[in-house]
Amino acid sequence: MNILIVHGIGNYKPSLAADAAAAMLQNGWSTDLLASTSSPDSRDFDFSVSVAYYAHILRRSNSQSGALDVNFSDEEARLFLSWADACGVPMEYAQGRAFVPLRQAIAWLAQKESRSVEAVTSLVVRFIREVNDYFTSGARRDEVRGLVENEIKSKRPDLIIAHSLGSVVAYEALWNSGLPVDRLLTVGSPLGLRGGIFERVVPGPVEGLGRKPDNVGQWLNVADRGDIVAVPRFLSKSYRGISSDRETSIGMFAFHGLSRYLQSTVVSQLIRETL
């Protein structure tokens, strides 16, 4: 069983070459998968894991510093507003919809989710910046998507696990490659974010809905109840052809990380069924 993981935001390793960074992520996530899919009363599962590492292409200034800097560009601010609306953050309309009270919105959400302002700010800034960079730079978007397509062609995975922004990349790469994949498992995916992501993926929605890539056998989706990147959580409301659309809990302070998704009961059960 070949598993290809397409990573999400916040995975750039500035001190490592791309191959070394991919190997480090692969080792960690392989360990998570092995722990979650094994049990004393079951046979050992035979699977291999590879990682489509693209974070170096979307890097900024040789690092992902400035994680608490919410001085967004106009394009980033528009994406932020779409995300904040989807999260139910009260907006200040007195100065018009173009005005985005960034810090106030983040502080409100942090209080609602019982999380620190610093942690929420760091996650939101990384999400907004990396998603915006992917969509607004045609050359980098093509390079990222091309890299993932090449990994699909060379690894021929039976299962693709696509996390966070990686679900956006994998969706486009699968449509473009046309290569058959038995299962696509999206976790913590923002593919349904209207006004910021949903309308911008290629191919775009038809009559208000996207659809499963024709070359994918089954599309499964899982989102944590408190994952502020996976908004809205249930992708079946926006995409046709999703076989399983479930929510889970990866832990109060886990936020959005792939490791905790891979360790969750719902995700491990879906993976065990595939294996």
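**View 1. Lys 112 and Glu 113 meet in a salt bridge.** In this predicted model, the two side chains come to 3.2 Å, N to O. A salt bridge here is a side-chain nitrogen of Lys or Arg within 4 Å of a carboxyl oxygen of Asp or Glu. Lys 112 is partly exposed, at 48% relative accessibility, while Glu 113 is buried, at 18%. (Buried is under 20% relative accessible area, exposed is over 50%, and partly exposed is in between, with a 1.4 Å probe and protein chains only.)

**View 2. Arg 129 pairs up with Glu 76.** The closest N and O atoms of this salt bridge are 3.6 Å apart. Arg 129 sits in helix H4 (residues 117-136) and Glu 76 in helix H2 (residues 74-86), so the pair ties together parts that are 53 residues apart in sequence. Helices are DSSP runs of H or I with at least four residues, numbered from the N terminus. Both Arg 129 and Glu 76 are buried.

**View 3. Asp 142 and Arg 145 share helix H5.** Their side chains form a salt bridge at 2.9 Å, N to O. The two sit three residues apart in H5 (residues 138-155), about one turn of the helix. Asp 142 is partly exposed, at 46%, but Arg 145 is buried, at 15%.

**View 4. A salt-bridge network takes in Arg 141, Asp 142, Arg 145 and Glu 172.** Across the structure there are nine salt bridges.

**Notes.** Residues are numbered from 1 along each chain as its sequence is written, and side-chain values use heavy atoms, leaving out hydrogens and water. Since the model is predicted, local features need pLDDT of at least 70 and side-chain atom pairs count only at pLDDT 80 or more, while totals for chains, interfaces and linings use all residues.
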